[in-house]
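Open the model in your viewer and keep the selection panel at hand. The stops below go from a pocket to several salt bridges.

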Amino acid sequence: MEHTRIVALVPAHDEERALPAALASLRAQRVGPDRVVVVADGCTDGTAAVALAHGAEVLETVGNTDRKAGALNQALRVLLPTLDDADLLLVLDADSALSSDFLALARAHLDDPTVGAIGGIFHGRPDDAHGLLGELRLRALPGALQRNEYTRYAREIARRGGRARVLTGTATLFRVRTLRRIAAERGTGLPGRPGDVYDSRALTEDNEITLAVRTLGLRAVSPAGCTVETEVMPTWRDLWHQRMRWQRGALENLRAYGFSRVTAPYWLQQVGMYLGILAVVLFLLATALFAALGELGPPRDVWLLVTAVFVVERIWTVRRRGWRGILLAAPIVVEFGYDLFQQAVYLAAATALAQGRTARWHHLSPAPI
């Protein structure tokens, strides 16, 4: 299949600091985009000026109140009429940077007509400023734990043969034909306003458009080599707000789509997560009871073997991060605490949704020094 053009769309809200790296990664592509358009959404800094200085076009949103999805919809209303069905459109976050082969590999996989879009395999941007042990500083722990988490997620995608659970908002390459089909189905076969590519009501526009692509009968794929580095949340507060949005958005997306062949695995995943929380609560209660009875001690016999297998698994699954990831994973208690943090997020998100509380978008705090 011949692809005539690749257009890169970079939504940005006050991203003058991160934007140069994203644009540099586009210039470094082995197969580069024909156009780069930065969507400056309500910016109060020099985002537009930085984009122009780096050779990108700038499209400024007007009166957007629908967050990232609204900014992308405004841009796509301008761009899609100028593109052919065979063209490709990349959506790249302004705080993310592509591997140099991303577009070449993604374009090759889109020669398969059953594939609707290619999502990146994202990794947390490394903290190289503080040396090998820098990530183990208390203030650096949120970022370090996210990097381990993303490494395990990349491994999971590889084990699934590249099948993407979510077309990540950090970087996804779409067929223009697919985006037009989505816009045409909004309000009838798909949730959302007729004519919109992205559902502006969705808190997690990337998760929602994944469901849209798959509902159209197309596959969502994240091939090996299509990697992207993205910023991690620098503080526990930022991480809490990000994960609240992710989880609540996922639940709202499933409610909007209902139960179907496409959504069944996502529903089962959610049920499994909440059953897992119940299992952890029971484990903690049992541990507290044994401690109160004076029966708590180090693992023995078969439990010692189980513990050893668990430790090895945690280390093995982050080995690609090197010693930084291994040193963080080895003392199980640190990552177990991170798991508890995320489970608290899941409970809070479900509670907020059940109570009908208004969800709010959160922008990143300045990174700690």
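**Stops in the viewer**

The second largest pocket has a volume of about 890 Å³ (a pocket is an open set of points on a 1 Å grid over the protein atoms alone, where a 1.4 Å probe fits, with protein on both sides within 12 Å along at least five of seven lines; lining residues have an atom within 4 Å of a point; points are joined across faces, edges and corners, and the volume is the space filled by probe spheres set on them). This is a predicted model: local features need pLDDT of at least 70, side-chain atom pairs count only at pLDDT 80 or more, and totals for chains, interfaces and linings use all residues. Residues are numbered from 1 along each chain as its sequence is written, and side-chain values use heavy atoms, leaving out hydrogens and water.

Select F283, T287, P299, W303 and T307, which lie nearest the pocket centre among 22 lining residues. Helix 9 gives the largest share of this lining, 6 residues (helices are DSSP runs of H or I, at least four residues; strands are runs of E, at least two; both are numbered from the N terminus).

Next, select R35 and E57, a salt bridge with its closest N and O atoms 2.9 Å apart (a side-chain nitrogen of Lys or Arg within 4 Å of a carboxyl oxygen of Asp or Glu). R35 lies in strand 2 and E57 in strand 3, so the pair ties together parts 22 residues apart in sequence.

Move to D93 and K68, whose salt bridge has its closest N and O atoms 2.7 Å apart. Finish with D66, R77, R193 and D196, linked in a salt-bridge network.
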